[in-house]
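Hi,

Here is the structure for you to open alongside this note.

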Amino acid sequence: MPSNKSVSDAPIVQFTNCRILRDHQLQREDLWVREGKILDPEKLFFDEKGSADVQLDCKDSIIAPGFIDVQINGGFGVDFSLATDDFKSGIDLVSQKILSHGVTSFCPTLVTSPPSVYHQVLPQISVRNGGAHGAGILGAHLEGPFISKEKKGAHPEHCLRTFEAGAFQDLLATYGSLDCVQIVTLAPEMRRSSEVIQELTKRGICVSLGHSVANLSQAEEAVQHGATFITHLFNAMLPFHHRDPGIVGLLTSDKIPAGRRVFYGMISDGIHTNPAALRIAHRAHPKGLVLVTDAIAGMGLAPGRHTLGQQVVEIDGLNTYIAGTKTLSGSVATMDTCVRHFQEATGCSVETALEAASLHPAQLLGIEHKKGTLNYDSDADFLMLNDNLYVQATYIAGEEVWRQDASGM
């Protein structure tokens, strides 16, 4: 096949002396990149008779797909659930700062808020590719306000809503627009939730079950109508009970439609979920586990008082509480920390830990053909890590966007 001249003229970078995560295994081979994509070296050699323009020695690093965080409420003093005049500069700051933690794409997440906040904030979130300016934005994750009062967690009760006669129209009126929305978390036991789930799914929006008192049959019905995700498993839902395991039971349910996989988010920070619970979930349904940070504005900041939407929260070490209570309110753990804790707590392979933060979220969002893997023709968003899974460098579209300097910063 004749090669495309404009493509073949673009510089080719060959990353050597590395172990690449491909097909669920670390493989000792080189990584080839051109025009922001992973290149198939066989096609290059045999079809184009080409070779590398630049060779980079990776010094035996692991090369893994960039991390994808589908639930992050903010960080570094920025709260995505606050309608501020400089919201865009806030989202830019977070997308820049999370590069050092290996995140190359994310879903800015809004907790339960008044309609006015959604109407102001959502038009300011636009799907965009990542680059030197920061991680790519895949679309918003709207967590609430259609959730259970009993399991509201850190969500303000006065902003919670139910589906009335209009059902889907109620949701549209609340959010104002679904143009940039990628995920909606709702409680499936709410009246008329089935039709809402179907309407959202029809529009290509991922429906997640969370902040809910649903029993297993209600959760199974929601999955049959199109729901594919569980928001922070174990947190803000009925605890597992052997006669009715609730939403948790979806991990081993035999009522999931053929060919469908249910994914579930886990905040692997050592605070939100006991390591034993993390191990139980992982062993029950390893291919569905998606690591999320659920990070709040206080991530990356000193302990003290910060915000989460309409609430004031206090940070004490890795614990974050609604001020004056012991109600957990998001996390201050970074994604690379969650990956390392997950691997340590479960004893899983390095490959499994890395895929829980890359391949699985990409599969959840249906973008695994371009993100979350290092397959040929996929986006060259990847990380260099050492054997202890500390990020050494972050690349987006084949360009280095962050590197740890000699001082370890």
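Below I go through the chain as a whole, then its domains, then its cavities.

A word on the ground rules: this is a predicted model, in which local features need pLDDT of at least 70 and side-chain atom pairs count only at pLDDT 80 or more, while totals for chains, interfaces and linings use all residues. Residues are numbered from 1 along each chain as its sequence is written, and side-chain values use heavy atoms, with hydrogens and water left out.

**The chain**

The chain contains 11 helices and 22 strands (DSSP runs: H or I of at least four residues for helices, E of at least two for strands). Along the principal axes, the C-alpha atoms fill a box of roughly 65 × 45 × 40 Å. Of the 409 residues, 57% are buried, meaning under 20% relative accessible area with a 1.4 Å probe, protein chains only.

**The domains**

The domain assignment gives domain 1 (13-64 + 373-403) and domain 2 (66-365), with bounds that come from an automatic or database assignment. Their C-alpha centres lie 30 Å apart. Where they touch, 20 residues of domain 1 and 23 residues of domain 2 take part in the contact (heavy atoms within 4.5 Å).

**The cavities**

How many cavities of 30 Å³ or more does the structure hold? There are two. A cavity here is a set of points on a 1 Å grid over the protein atoms alone where a 1.4 Å probe fits but cannot get out, and lining residues have an atom within 4 Å of a point. Grid points are joined across faces, edges and corners, and the volume is the space filled by probe spheres set on them.

The largest cavity has about 50 Å³ of space. Its lining includes Pro65, Ile68, Lys370, Lys371, Asp379 and Asp381. By class, the lining has two nonpolar, five polar and four charged residues (Ala, Val, Leu, Ile, Met, Phe, Trp, Tyr, Cys and Pro count as nonpolar, Asp, Glu, Lys and Arg as charged, and the others, Gly among them, as polar). Domain 1 and domain 2 each give at least three residues to this lining.

The second largest cavity has about 30 Å³. Among its lining residues are Asp69, His101, Met299 and Met335, and the lining divides into five nonpolar, three polar and one charged.

Best wishes

How values were computed:
1 Å grid on protein atoms, 1.4 Å probe; cavity = no way out; pocket = protein on both sides within 12 Å on 5 of 7 lines; lining within 4 Å. Buried < 20%, exposed > 50% of the residue type's maximum accessible area, 1.4 Å probe, protein only.
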